[in-house]
Amino acid sequence: MQAKIHKKFVELYGEGGEAYASAGRVNLIGEHTDYNGGFVFPGAIDKGIIAEIKLNGTDKIHAYSLDYGAEATFGLNEEDKPAEAWACYIFGVCRETIKRGGKVEGFDTVFAGDVPLGAGLSSSAALESCFAFALNEIFQNGIDKFELAKIGQSTEHNYCGVNCGIMDQFASCFGKAGCLIRLNCKTLEYKYFPFNPKGYKLVLIDSCVKHELASSAYNFRRQSCERAAAAIKKNHPEVDFLSDCKRIWLDEVRDQISSEDFLRAEYVIGEVQRVLDVCDALERGDYEIVGEMMYQTHFGMSKLYEVSCEELDFLAKLARRVGVTGCRVMGGGFGGCTINLVKDELYLPFVAAAKAEYALKFGHAPKVYDVVISDGARKL
Ligand code: GLA
């Protein structure tokens with residue numbers, strides 16, 4: 001990929017620049033907890049974005065997406081937002097860097113990626129983190145890594161219409177080969193956990209379902225959580241986020257909030273605890289508990305948080321039936337992948353069954369990705 005990018009760069013912009021990379025992510029457990037001040041447990045993966053970048057001495061950015069075969073040109077002022085959705089990520093990162101007092105001047109770039117789009121693997125965070133990291137290096141802005149992750153998150157909020165949490169950009173900036181990272185999204189304390197479950201594999205089954213309205217549905221979920229937390233705060237002023245709430249505090253406000261908001265909050269409060277339970281289980285090497293928690297998360301995401309879909313429920317049910325240790329919908333939901341913890345000896349029969357039965361039911365085969373936990377944003 002890097003060679004292809006370089007070839008195109010030379011063709012379009014002359015002498016080559018420097019190459020930077022960043023990664024997509026998986027999340028073992030802790031879904032929709034980040035914007036609720038809870039824990040997440042992601043890791044960067046061996047699928048990502050590479051960008052070659054060189055200053056061009058002007059105040060314009062020329063960005064070429066190898067995957068779309070398209071170029072966008074834009075300036076660095078707020079009113080220069082490009083029309084192309086993919087270019088808005090780069091524009092947003094430039095703007096958010098400038099807002100933080102960083103220097104950004106015109107540059108040429110060619111980039112490409114191999115994170116499947118719409119699969120819940122955070123291709124957009126990979127793109128944001130790659131440019132946030134690269135600009136910080138090139139202009140020697142001295143912005144710390146957390147702030148680089150926040151540059152990506154604010155790009156989503158302010159230029160892409162998704163009111164996301166910090167998990168994806170955090171994983172993409174902080175990712176380390178072989179490690180999952182438990183992040184407390186309230187305090188921003190984090191801890192690396194070497195993840196090499198002997199006798200098991202992590203595999204993603206991509207339903208290939210992409211939900212058109214996923215970003216607005218995501219924003220609605222977040223609003224539900226904020227309403228529930230605000231209701232609880234009236235009785236318990238120390239509550240800032242749903243992650244601060246005890247389950248019984250939620251019961252106290254049952255008739256003050258909608259039944260829908262109640263279900264959303266019930267899921268989140270359970271999920272915050274499950275991340276901690278999974279970390280404990282991992283330290284004991286108890287993968288059966290890890291897997292059981294994954295199934296519980298799937299149930300919650302499907303029945304309480306309602307971000308699953310028929311295809312993902314089908315995959316989770318199938319996984320349970322054939323004896324997969326843990327399976328759940330991963331990421332924001334509304335399509336994308338299930339993440340599966342599978343015993344080595346079950347890997348081939350499971351993948352074969354998932355492909356065949358899914359194709360029979362839905363008329364197309366799912367995609368299968370083996371997960372390799374890898375490094376995040378870096379210079380190549
Ligand atoms: C998306 C968001 C993240 C997080 C997950 C759900 O990936 O970008 O911030 O909320 O959904 O866990």
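Biologist: Which residues in α2 meet Ser124, Leu127, Glu128, Phe131, Ala132 and Leu135 in α3?
Modeller: This is a predicted model. Contact here means heavy atoms within 4.5 Å. On the α2 side, the residues that meet that α3 set are Trp86, Tyr89, Ile90, Val93, Cys94 and Thr97.

Biologist: How many residues of the contact of α2 with α3 are nonpolar?
Modeller: Sort the contact residues by class. There are 2 polar residues and 1 charged residue. The nonpolar count is 9.

Biologist: Are α2 and α3 oblique or parallel to each other?
Modeller: Helix α2 spans residues 85-99, and helix α3 spans residues 123-138. Their axes come within 9 Å and cross at roughly 40 degrees. Angles under 35 degrees count as roughly parallel, and 65 to 115 as roughly perpendicular. The angle therefore makes α2 oblique to α3.

Biologist: Is the crossing of α2 past α3 left-handed or right-handed?
Modeller: Take the two helices as they pass. For α2 and α3, the crossing is right-handed.

Biologist: Which residues in α4 does α3 meet?
Modeller: Helix α4 covers residues 145-160. From α3, the partners are Ser124, Ala125, Glu128, Ala132, Phe133 and Asn136. In α4 they meet Leu148, Ile151, Gly152, Thr155 and Glu156.

Biologist: What classes make up the contact of α3 with α4?
Modeller: Start with the charged residues, which number 2. The rest divide into 4 polar and 5 nonpolar.

Biologist: How are α3 and α4 oriented to each other?
Modeller: Their axes are 9 Å apart, at an angle of about 130 degrees. The crossing is right-handed. Only angles over 145 degrees count as roughly antiparallel. The two helices are therefore oblique.

Biologist: Are α8 and α9 roughly parallel or roughly antiparallel?
Modeller: Helix α8 holds residues 259-284, and helix α9 holds residues 287-304. They pack at about 170 degrees, with axes 9 Å apart. Their crossing is left-handed. The pair is therefore roughly antiparallel.

Biologist: How many charged residues does the contact of α8 with α9 have?
Modeller: In α8 the contact residues include Arg264, Glu266, Glu271, Arg274, Asp277 and Arg284. In α9 they include Lys303. The contact also has 11 nonpolar and 3 polar residues. The charged count is 7.

Biologist: Which residue has a side-chain N or O atom 2.5 Å from an oxygen atom of the ligand?
Modeller: Residues surrounding the ligand include Arg25, Glu31, His32, Asp34, Tyr35 and Gly165. Glu31 has a side-chain N or O atom 2.7 Å from a ligand oxygen. The residue at 2.5 Å is Asp34.

Biologist: Which part of Gly165 lies 2.9 Å from a ligand oxygen atom?
Modeller: Gly165 is among the residues surrounding the ligand. The part at 2.9 Å is a backbone N or O atom.

Definitions and conventions. Residues are numbered from 1 along each chain as its sequence is written. This is a predicted model: local features need pLDDT of at least 70, side-chain atom pairs count only at pLDDT 80 or more; totals for chains, interfaces and linings use all residues. Side-chain values use heavy atoms; hydrogens and water are left out. Axes are lines fitted to C-alpha atoms, for helices over the stretch in contact, and angles run from 0 to 180 degrees between N-to-C directions. Helices (H or I, at least four residues) and strands (E, at least two) are DSSP runs, numbered from the N terminus. A crossing is left-handed if the near helix is turned anticlockwise from the far one by less than a right angle, and right-handed if clockwise. Ala, Val, Leu, Ile, Met, Phe, Trp, Tyr, Cys and Pro count as nonpolar, Asp, Glu, Lys and Arg as charged, and the others, Gly among them, as polar. A residue is near a molecule or strand if one of its heavy atoms lies within 4 Å of it. A polar contact is a pair of N or O atoms within 3.5 Å; within protein, one must be able to donate a hydrogen and the other to accept it, and residues adjacent in sequence count only if both atoms are side-chain atoms.
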